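This report describes a predicted model.

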Amino acid sequence: MTRIDLEFTIDALDFVHAGEAASRVKRTLEHVGMEREVVRRASIAAYEAEMNIVIHSVGGTMKVTILPDCVEIVATDRGPGIEDIDLAMQEGYSTAPPHIREMGFGAGMGLPNMKRCADDIRIESAPGRGTTVRVIIRPRHAA
Amino acid sequence: MTLDDVRRYLGAEVICCGEKLDREVTSAFGCDLMSDVLAFARPGTLLLTGLTNSQVIHTAELIDAAGVVFVRGKHPSSETIRLSIEKGIPLLATRLLLYDSCGLLFSKGLRGCSTVDLPETPREATAI
Ligand SMILES: Nc1ncnc2c1ncn2[C@@H]1O[C@H](COP(=O)(O)OP(=O)(O)OP(=O)(O)O)[C@@H](O)[C@H]1O
Ligand SMILES: [Mg+2]
């Protein structure tokens, strides 16, 4: 394997297809023989990124680049953006409305989960424009 | 404990993938919030939940769950069942509530996903 690029279009509030992109990411990583711990962290991060676009944005894309020693996930949406990124990163902070909570989301754990899974996470967001979350996952070999 | 033991202990109905009930369950997680499952559950976990939408199946797949038990008599839609068959994830359904389901399985020796040790049972509680 040299490099695999995956790209997904993710629609707002599309709960029928939500989760399929992360599932494809997981299967692809398993197929290329990525180690289990990396598969797990990358697919959880992909799922949280995908669900945040579905739930909180007007729609966007998720691009995943798979290299032998690195997985990069870039989730970009077209708005509405995050006003206070530090606040959004706090465990338990969520603006999800009640009907979203009834579906099992809105624990305010998605971004913290992504951070826990990631070796590097960068969030760029501007209210009125959109949000880009970039996550890097590498094998965590014992030194 | 196997999935078939879980079925017997909870008096549960098998919804799909009944051929996989000999699967070993190594821990359990009871929750209705998917991000909490993703944060704390371990591979091989049995997921107990009152939610029945397709996101439960996606979540179970991502954490390599051994299977899913729907509690409170909840029944998934045919779409959720179809997805679960596609992913090969066994589904069970019980009329018991979440607490009772978890408590029963715990009493049979199935532990949760806590990363801290369980406190020792106080003396006065054991002397009943
Ligand atoms: N792509 C996004 N666009 C706009 N706002 C976002 C986006 N992603 C996250 N947010 C904001 O950050 C908050 C925290 O996100 P996080 O993923 O941690 O929790 P959640 O999605 O609310 O709940 P959970 O992920 O546990 O289901 C969200 O409630 C929302 O206000
Ligand atoms: Mg989220």
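## Cysteines

Over all chains, the count of disulfides (pairs of cysteine sulfur atoms within 2.5 Å) comes to 0. Cys117(A) takes part in no disulfide, since the nearest cysteine sulfur, that of Cys70(A), is 15 Å away. Cys117(A) is also buried, with a relative accessible area of 9%; buried means under 20% relative accessible area, exposed over 50% and partly exposed in between, with a 1.4 Å probe and protein chains only.

In chain B, the closest cysteine sulfur to that of Cys102(B) belongs to Cys31(B), and the separation of 9.8 Å is too far for a bond. Cys102(B) is partly exposed, its relative accessible area being 28%.

## Basis of the model

The model is predicted: local features need pLDDT of at least 70 and side-chain atom pairs count only at pLDDT 80 or more, while totals for chains, interfaces and linings use all residues. Residues are numbered from 1 along each chain as its sequence is written, chains are lettered from A and ligands numbered from 1 in the order in which they are written, and side-chain values use heavy atoms, with hydrogens and water left out.

## Interface between chains A and B

Contact (heavy atoms within 4.5 Å) links 25 residues of chain A with 22 residues of chain B. The two chains bury about 1,800 Å² between them, 52% of it on carbon and sulfur atoms; buried area is the accessible area (1.4 Å probe) that two parts lose on being put together, summed over both. On the chain A side, Lys26(A), Arg40(A) and Tyr47(A) lose the most area to chain B, together 29% of what that side buries.

The largest pocket holds about 620 Å³ of space. A pocket is an open set of points on a 1 Å grid over the protein atoms alone, where a 1.4 Å probe fits, with protein on both sides within 12 Å along at least five of seven lines; lining residues have an atom within 4 Å of a point. Of its 34 lining residues, the closest to the centre are Asn52(A), His56(A), Ile82(A), Thr95(A) and Leu111(A). Helix H2(A) gives the most to this lining, with 6 residues; helices are DSSP runs (H or I) of at least four residues, numbered from the N terminus.

The second largest pocket holds about 390 Å³. Its lining comprises 19 residues, and Ala28(B), Arg111(B), Gly112(B), Cys113(B) and Ser114(B) are the closest to its centre. Helix H5(B) gives the most to the lining of this second pocket, with 4 residues.

Technical notes. Grid points are joined across faces, edges and corners, and a volume is the space filled by probe spheres set on the points. Helices (H or I, at least four residues) and strands (E, at least two) are DSSP runs, numbered from the N terminus.
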